Amino acid sequence: MKNISYFIFIVFFGFTACNSDESISQESELKTLQEQFEEITNMVEDATCDDPNNWTFTAYGSKACGGPQGFIAYPLTIDTITFLEKIEAYNLAEEQFNRKWGVISDCALVPSPESLMCENGKPVLIYSF
């Protein structure tokens with residue numbers, strides 16, 4: 001029984017010793033990135049897509065190998081200046097996060113959409129492969 005208690009102590013001490021302020025800081029920065037992206041998506045999620053001519057799209061995010069994480073559609077009826085500023089800030093923050101924490105990702109290129117259409121009130125990005 002004493003050996004098991006000693007083992008549990010060693011395992012617990014090992015895990016807590018590895019939990020440095022840097023990992024908390026990394027988690028905090030990741031949470032901030034997630035909140036930034038949620039703010040971006042909240043700006044467009046309630047918009048109804050009836051006419052694709054009133055919508056466009058932009059790249060978002062920054063993969064560790066370079067290039068965007070994906071593309072997001074947005075209506076031209078929102079404050080597009082603020083929206084695109086938030087996208088730019090998010091892209092820069094993710095790029096800095098990746099560099100700071102040595103994040104790795106796949107290096108696959110995300111294809112750019114050709115256009116978009118409206119389907120059931122939601123924008124759908126169209127890709128040609």
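1. A salt bridge is taken here as a side-chain nitrogen of Lys or Arg within 4 Å of a carboxyl oxygen of Asp or Glu. The model is predicted, so local features need pLDDT of at least 70 and side-chain atom pairs count only at pLDDT 80 or more, while totals for chains, interfaces and linings use all residues. Residues are numbered from 1 along each chain as its sequence is written, and side-chain values use heavy atoms, with hydrogens and water left out.

2. Five salt bridges are found when the whole structure is searched; three of them are discussed below, including the pair Lys 86 and Glu 39, with N to O at 2.2 Å. Lys 86 belongs to helix H3 and Glu 39 to helix H2, so this pair ties together parts 47 residues apart in sequence. Helices (H or I, at least four residues) and strands (E, at least two) are DSSP runs, numbered from the N terminus.

3. Lys 86 is partly exposed at 25% relative accessibility, as is Glu 39 at 40%. The classes are buried (under 20% relative accessible area), exposed (over 50%) and partly exposed in between, with a 1.4 Å probe and protein chains only.

4. A salt bridge also joins Lys 100 to Glu 29, whose closest N and O atoms are 2.6 Å apart. Lys 100 lies in helix H3 (residues 80–101) and Glu 29 in helix H2 (residues 21–44), 71 residues apart. Glu 29 is partly exposed, at 22%.

5. Lys 63 pairs with Asp 106 in a salt bridge, the closest N and O atoms being 2.5 Å apart. Lys 63 sits in the loop between strand S1 (55–60) and strand S2 (70–75), and Asp 106 in the loop between H3 and strand S3 (115–119), 43 residues apart. Lys 63 is buried at 9% relative accessibility, whereas Asp 106 is partly exposed at 48%.
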